[in-house]
Amino acid sequence: MLKLTWRNVIRHPLRASLTVLGMAVAVLAFALLRTMVAAWYAGVEAASPARLVTRNAISLTFRLPLAYLLRIQALPGIVGVAYGSWFGGVYIDERHFFPQFAVDVPRYFEIYPEYVIPENPKLSFFQDRRGCAAGRQLAARYGWRLGDPIILRGTVYPGEYRFILRAIYTGREPTTDEGRFFFHWDYLNESLKKTAPDRADQVGWFLVKVARPELAPTLAEEVDALFKNSLAETLTETEAAFALGFVSMTEAILMAIQVVSWVVIGVILVVLANTMAMSARERLGEYAVLKTMGFRPRHLAGLILGESLILALAGGIVGLSLTFPAVHLFRTALGQYFRVFPLTWGTLTLGLGVALGVGVLAALLPAWRAARVSTAAALRKVG
Amino acid sequence: MTRESAPVSPAPLVEISHLYKSYRRGSQDLVILQDISLTIASGEFLALMGPSGSGKTTLLNLIAGLDAPDKGHLIVKGIDITRLTEAQLASWRAREVGFIFQFYYLIPVLTAFENVELPLLLTPLNRRERQEHVDLALELVGLSDRRQHYPSQLSGGQQQRVAIARALITDPSIIAADEPTGDLDRQSANDVLNLLSRLNQEFNKTIILVTHDPEAASHAARIRRLIKGQLLDENDRRQT
């Protein structure tokens, strides 16, 4: 029966090839769209439950006084506090976007062990106020090497800022963003003291490390309580919730992407079901003859299901194989938009599962029809 | 002209009594068979003749368990097959009936060997045993040298001989042949009919041949005629 199933698959080579190709394209599109969604959630995935982010309660665009640092640090259960600001400078021109952060070096990197920097460059970066650190992908994108000068033109903080690349970090996890650019907050603050003193000594957010994850909700409330009724009230939330806040801004787009990914699968399901229905209809006489020999409805259903599964699985495997180079292409060509583009086992397994599911669903109706076919009627029809 | 067949067993293989069959076409009931009573002995070569639409194929399908009658009894080898479930009928067909059709109905993607082997896949025989059986059946129909050929590489007559080998392979009690020569030239038709006669005479196979060709029917030991769903008396020689 397996032999017959396989021969049926290759009976119409062009039809089978086109079906497999269609399935492959659908699974590739599905896997890419799912990876895109995963990329959106990469920040949430990478978040630590033991880290809190404290920002201005009004909005992230409003800053907080640096003076809050000592009060937050003093709360029991908090084992580390760092701070940072979004810089938003321009490198070369606006098309060369990458995220830039002025951070509290070295404490920021103590709280973020995911950013791995070798000891010597780390020391060099920590000691040089104009030093900066770039992620491996970012450095590779521009061919930066340690010691290279990098000039950014500030937009949020107008002026020209000159840096020396002192360190290149790598991500400890696959979801760690290797496309970021960090420099000393002190360097920014000193510049601001000269050019815009009213904006000095302010930070975009505090990054708070708590002793144990279960303390996070209580400590978040305690931090916010410290600054209740002040001029700059705070909103403290877990790092995951903070990242999710960004994701929720684009929730409609994400939802659309997810819907499209399933629509693609729906379309290929209809295509494969049509192929299987066509094949089954053509072979009605053969199924009737098999029935005369004593083959039962389950045998016929098995033939159709097997054929459908082989086509779907072949398409799925080809599609998933193509996903690897496609993801690589996305990472290299669109790296500035998708710095983390994680092709996970989950996505691959889902892609394969979807292919199998499509194979089964596409075979259901033709298999049911073949199983129910009246032998005498089918023989009359084809005769 | 009818030819004497091998001595038949007195025990009836097929006993049909007062069989009725009709099909529904839209709101109308089309009566296909009316009050058919017939006995077929084991080892008999019977031809069912009749014009198109006379119900001969329907009667053959009923005897072979492919269709169910509306009314009446149909006993084959002591089993009333009208009382069998679909699954029981499938097993029964696999054991007791071999089919030969006008258009051969070979599976085009399988070789002659594989086509003949198909019915054996439902038996507990292992691969080597199946191969022995198939080789024997192909030798019997004179196609040993065509075992690896696909149906499209065989002539009509050769394809029908493969179909006969497939019908024989499980050593069934009945061979049901529905217009087996209808699509063949005279020479190939004669080859096929001679082969059926040989199976009947040498191997004592019970053969029920449906045909409207008098020359084909002449190979049978007995001819029964059907007109408008009714079986004529054995002595009734009305032209069909």
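**Entry 1: a leucine in a loop**

I call two residues in contact if their C-beta atoms, placed from the backbone, lie within 7 Å. I also keep in mind that I am looking at a predicted model.

With that cut-off in hand, I asked which residues A:L75 touches, leaving out those up to four places away in sequence. I found A:L219, A:E222 and A:V223. I also checked A:L226, which is 151 residues away along the chain; its C-alpha atom is 9.6 Å from that of A:L75. As for where A:L75 sits, I placed it in the loop between α4 (68-73) and β3 (78-86) of chain A.

A:L75 has 17 inside 10 Å, so I wrote it down as partly exposed.

**Entry 2: the domains of chain A**

I looked up the domain assignment of chain A, which gives domain 1 as 2-42 + 251-382 and domain 2 as 58-232. Their centres, taken over C-alpha atoms, are 48 Å apart. I then looked at how they meet: 6 residues of domain 1 of chain A are in contact with 9 residues of domain 2 of chain A. On the domain 1 side, I sorted the touching residues into 3 nonpolar, 2 polar and 1 charged.

**Entry 3: a helix with a buried side**

Next I picked helix α8 (residues 185-195) of chain A and noted its buried residues: A:W185, A:L188 and A:L192. Why are they on the same side of α8(A)? Their arc around the axis is only 65 degrees, which puts them on the same side of the helix.

I turned the helix around and found the exposed residues A:K193 and A:K194 on the face turned away from the buried side of α8(A). The cover over the buried residues of α8(A) includes β3, β4 (100-103) and β9 (181-184) of chain A.

**Entry 4: a hairpin in chain A**

I followed strand β7 (residues 149-154) of chain A into strand β8 (residues 159-171) of chain A. The two run antiparallel and are joined by 6 bridges. A hairpin of 4 residues links β7(A) to β8(A).

**Entry 5: chain B as a whole**

I counted 7 helices and 10 strands in chain B. Its radius of gyration is 18 Å, close to the 18 Å that the globule rule gives for 240 residues, so I noted chain B as being as compact as a globular protein of that length. The C-alpha atoms of chain B fill a box of roughly 45 × 40 × 40 Å along the principal axes. Of its 240 residues, 50% count as buried.

**Entry 6: the sheets of chain B**

I traced an open sheet of 4 strands in chain B, in the order β2-β1-β4-β5, with antiparallel pairing. Its edge strands are β2 (28-41) and β5 (79-80) of chain B, each pairing on one side only. Inside this sheet, 5 bridges hold β1 (residues 12-25) of chain B to β4 (residues 71-76) of chain B, and I found B:Y20 opposite B:K71 in β4(B).

I found another open sheet in chain B, with 6 strands in the order β6-β7-β8-β3-β9-β10 and mixed pairing. At its edges stand β6 (97-100) and β10 (230-231) of chain B; each has a single partner strand, so one side of each is left without a neighbour in the sheet. β6(B) pairs with β7 (residues 174-178) of chain B in the parallel sense, over 4 bridges. One of the bridge pairs is B:G98 with B:I175 in β7(B).

**Entry 7: a covered helix in chain B**

How many residues of helix α1 (residues 56-63) of chain B are buried? I got 8 of 8, and noted the helix as mostly covered. After α1(B) comes B:G65, with a positive phi near 75 degrees.

**Entry 8: where the chains meet**

Last, I checked the contact between the chains: it takes 17 residues from chain A and 20 residues from chain B. On the chain A side, α1 (2-9), α12 (284-292) and α15 (375-382) each supply at least two residues. I sorted that side into 6 nonpolar, 6 polar and 5 charged residues.

Methods:
Residues numbered from 1 in each chain as written. Chains lettered and ligands numbered in written order. Predicted model: local features only at pLDDT ≥ 70, side-chain atom pairs only at ≥ 80, totals over all residues. Domains from an automatic or database assignment. Nonpolar A, V, L, I, M, F, W, Y, C, P; charged D, E, K, R; others polar. Buried ≥ 20, exposed ≤ 12 C-beta atoms within 10 Å, placed from the backbone. Pairing = 2+ DSSP bridges. Rg over C-alpha atoms; globule rule 2.2 N^0.38 Å. Arc of directions from axis to C-beta.
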